[in-house]
Amino acid sequence: NWHIPLLGVRKNAFGSVMLTSVGSLDIEFAIARIYPQSRNSVMMSVGAAREEPVVRNGQVVPGKKLKIAFTVDHRIVDGLHGAYMLQTFQRIFESRPV
């Protein structure tokens, strides 16, 4: 909810990140486009979970994987911060019991 007139970013009561769950439509992967009317600086897209082989405790077992994609306005968000965000998601998802 930043106000940065120099970059054309106005205060937005809806925040700065929009999340879309394309996985609810059984879509595995999608890249959401930022459109100016939303005034969002980050668009996140969560795909459908798929069963794939994963390694747990040195064994290959069935597991669930999903893809998260994000699009950022690089005038506001640096790619490094996006990478930190994805690492945090990965750590959260991988630490949860199945």
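Which pattern does the protein follow when read along the sequence? The pattern is β-β-β-β-β-α, made up of 1 helix and 5 strands. Helices (H or I, at least four residues) and strands (E, at least two) are DSSP runs, numbered from the N terminus. The radius of gyration, taken over C-alpha atoms, is 16 Å, well over the 13 Å that the globule rule gives for 98 residues, so the protein is more spread out than a compact globule. That rule is 2.2 Å times the number of residues to the power 0.38. The C-alpha trace spans about 55 × 25 × 20 Å along its principal axes.

This is a predicted model, in which local features need pLDDT of at least 70 and side-chain atom pairs count only at pLDDT 80 or more, while totals for chains, interfaces and linings use all residues. Residues are numbered from 1 along each chain as its sequence is written, and side-chain values use heavy atoms, with hydrogens and water left out.

Of the 98 residues, 22% are buried. Buried means under 20% relative accessible area, exposed means over 50%, and partly exposed lies in between (1.4 Å probe, protein chains only). The accessible surface, from the Shrake-Rupley method with a 1.4 Å probe, comes to about 7,400 Å², and 58% of that belongs to carbon and sulfur atoms.

Next comes the interior. A nonpolar core is a set of buried Ala, Val, Leu, Ile, Met, Phe, Trp, Tyr and Cys residues joined through side-chain atoms within 4.5 Å. The largest one here has 7 residues: V9, V42, M44, I68, V72, I76 and V77. Strand 2 (42-46) and strand 5 (68-72) are the elements that give two or more residues to this core. Contact means heavy atoms within 4.5 Å. Leaving aside neighbours within four places in sequence, V72 is in contact with I34, S41, V42 and V77.

D73 is found in the loop between strand 5 and helix 1 (79-95). With a relative accessible area of 16%, D73 is buried. Beyond its neighbours within four places in sequence, D73 is in contact with I34 and S41.

The loop between strand 1 (17-20) and strand 2 holds F29. F29 is partly exposed, at 46% relative accessible area, and, apart from neighbours within four places in sequence, is in contact with K67 and A69. D26 is found in the loop between strand 1 and strand 2; D26 is exposed, at 51%. Most residues other than glycine have a negative phi. In D26, phi is near 65 degrees, a positive value.

Strand 3 (50-56) and strand 4 (59-65) form a hairpin with 2 residues between the strands. The two strands run antiparallel and are joined by 7 bridges; strands pair if DSSP finds at least two bridges between them. V55 stands opposite V60 in strand 4. Where is N57 found? N57 is found in the loop between strand 3 and strand 4, and takes a positive phi near 55 degrees. N57 is exposed, with a relative accessible area of 82%.
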